[in-house]
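This briefing sets out selected features of the structure shown below. The points are grouped by topic for reference alongside the coordinates.

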Amino acid sequence: MKKHSYLFRLTVFTFVASILIFAAKVSALPISEDSPAVDAGMAGADYFVETEDQLVNESLSQAGVFFSRPRLVKLLSNSKKVVLTFDDGPHPKTTPKVLEILRKRNIKAIFFVLGLQAEKYPELLKQIHAEGHEIGNHSYNHKNLAQLSEEQLKLQIEKTNSIIEKITGQKPEFLRPPYGAMNKQVIRAAMNEKMNILLWTIDPKDWQSKNEASIMRNLDKQLGLNGNLRGGAVLLHDIYPATVRALDPFLDKLATNDYQIASIHSLDSNSMNYWASTSPELLKNSFFRRHFDPEISGHSLLVNLIGVPHKQEVSSMALLRASKSGDLLIYLAKNSR
Ligand code: ZN
């Protein structure tokens with residue numbers, strides 16, 4: 001039997017390898033998970049796709065406040081503002097170090113604490129509060145809130161609120177559901193507690209790598225620190241030594257680039273009426289549409305392979321939908337020049 005030519009085999013190999021790498025890329029879509037405990041990947045994307053749509057309708061009718069990813073992108077990406085958030089603590093070894101770094105620079109952040117941790121380390125929680133940082137609710141023990149019964153969900157949110165309030169004297173205003181996983185029940189529970197939901201746009205994946213060089217690389221990339229600067233809500237975890245080690249260099253870099261560390265309250269004075277004042281039409285057509293950024297989307301390889309133009313308006317939502325329905329390749333082929 002005639003052997004295939006070297007070129008032919010190389011082509012086939014490259015093709016197969018591309019598909020495999022592509023599959024791996026897609027399964028690690030941009031929808032960052034915020035902790036290692038539960039399986040990430042498409043599960044996260046599913047929550048995102050379904051809930052952001054549900055939430056538009058839900059929230060429009062109830063005029064709640066929801067700092068979704070698209071909204072945070074809208075508020076922050078064209079600015080040099082960064083909102084710093086630290087999840088999963090407090091932790092006796094690392095949280096004090098984070099606090100010290102922030103104190104030295106007079107920077108305020110939001111700490112999304114777990115009720116369980118707050119209960120264990122009340123003095124630490126008191127200290128976070130006393131040093132002027134905002135404390136948010138990140139559930140009691142990091143359960144996926146979208147998978148709980150109404151009763152369990154209520155417990156996760158209300159129990160944590162009351163633990164925090166008992167220790168600091170202040171009820172948290174913000175809820176960040178673990179993994180960003182939500183459904184209507186979660187939204188309703190937050191609304192019942194008069195809480196705002198706050199997600200994030202920049203995820204350096206400190207929970208995954210636990211390595212400061214990798215954290216820095218991801219931050220550089222996602223904030224465009226080596227070129228096109230953009231702002232964002234940064235997801236960090238005050239429970240990893242690597243995050244502590246990356247924090248000073250990161251803040252130095254932000255300072256060098258004239259970034260501002262912003263409070264979530266300062267971003268948008270109309271925030272309370274946002275949903276009510278924005279028509280569904282506008283939300284569907286422009287709010288969820290943003291420029292497809294191969295870096296942020298995690299599709300950089302795909303972009304190189306298929307050649308989706310950088311500036312073309314391909315929404316990340318559409319990409320997620322297409323990948324979910326299995327039509328991603330067709331979608332990209334259609335949208336590439
Ligand atoms: Zn978390």
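Helices and strands are DSSP runs, helices of at least four residues and strands of at least two, numbered from the N terminus. In those terms, Pro177 belongs to the loop between S5 and helix H8 (184-192). The model discussed here is predicted. Its chain holds 17 helices and eight strands, and of its 337 residues 53% count as buried. Among contacts in the chain with a separation of 6 or more, 74% are between residues 24 or more positions apart.

**Aromatic pairs**

- A pair of aromatic rings is described by the distance of the centres and the angle of the planes.
- The count of aromatic pairs comes to two.
- The rings of Phe67 and Phe174 have centres 6.1 Å apart and planes at 55 degrees, so this pair is tilted.
- This pair links distant parts of the chain, with Phe67 in strand S1 (residues 66-67) and Phe174 in strand S5 (residues 174-175), 107 residues apart.
- Phe67 is buried at a relative accessible area of 3%, and Phe174 is buried at 1%.
- For Phe86 and Phe111, the ring centres are 5.2 Å apart and the planes stand at 20 degrees; the pair is therefore stacked, since planes under 30 degrees apart count as such.
- Phe86 is buried, with a relative accessible area of 1%, and Phe111 counts as buried at 1% relative accessibility.

**Charged ends over rings**

- Arg69 places its charged end over the ring of Trp200, at 4.7 Å from the ring centre.
- Lys159 places its charged end over the ring of Tyr140, at 3.9 Å from the ring centre.

**Packing of H6 and H7**

- Helix H6 (residues 122-130) packs against helix H7 (residues 150-168) at an angle of about 70 degrees, and their axes are 9 Å apart.
- H6 and H7 are therefore roughly perpendicular to each other, because angles of 65 to 115 degrees count as such.
- On the H6 side, the contact is made by Pro122, Leu125, Lys126 and His129; on the H7 side, it is made by Ile164, Ile167 and Thr168.
- By class, the contact of H6 with H7 comprises four nonpolar, two polar and one charged residues.

- Thr95 lies in helix H4 (residues 95-105) and counts as buried, at 0% relative accessibility.
- Leaving aside residues up to four places away in sequence, Thr95 touches Pro90, Phe111, Leu124, Ile128 and Asp238.
- Pro177, in the loop between S5 and H8, is buried, with a relative accessible area of 0%.
- Pro177 and Lys143 are 34 residues apart along the chain, and their C-alpha atoms are separated by 8.5 Å.

**Backbone geometry**

- Most residues other than glycine have a negative phi, and most peptide bonds are trans.
- Pro90 is located in the loop between S2 and H4.
- Asn106 is not a glycine, yet has a positive phi of about 55 degrees.
- Asn106 is found in the loop between H4 and S3 and is exposed, with a relative accessible area of 60%.
- Ser139, likewise not a glycine, has a positive phi of about 80 degrees.
- Ser139 is placed in the loop between strand S4 (134-137) and H7 and counts as buried, at 0% relative accessibility.

Conventions:
Residues numbered from 1 in each chain as written. Predicted model: local features only at pLDDT ≥ 70, side-chain atom pairs only at ≥ 80, totals over all residues. Heavy atoms only, no water. Phe/Tyr/Trp six-rings, centres within 6.5 Å; stacked < 30°, edge-to-face > 60°. Buried < 20%, exposed > 50% of the residue type's maximum accessible area, 1.4 Å probe, protein only. Lys NZ or Arg CZ within 6 Å of the ring centre and 35° of its normal. Axes fitted to C-alpha atoms, helices over the stretch in contact; angles between N-to-C directions. Parallel < 35°, antiparallel > 145°, perpendicular 65-115°, else oblique. Contact = heavy atoms within 4.5 Å. Nonpolar A, V, L, I, M, F, W, Y, C, P; charged D, E, K, R; others polar.
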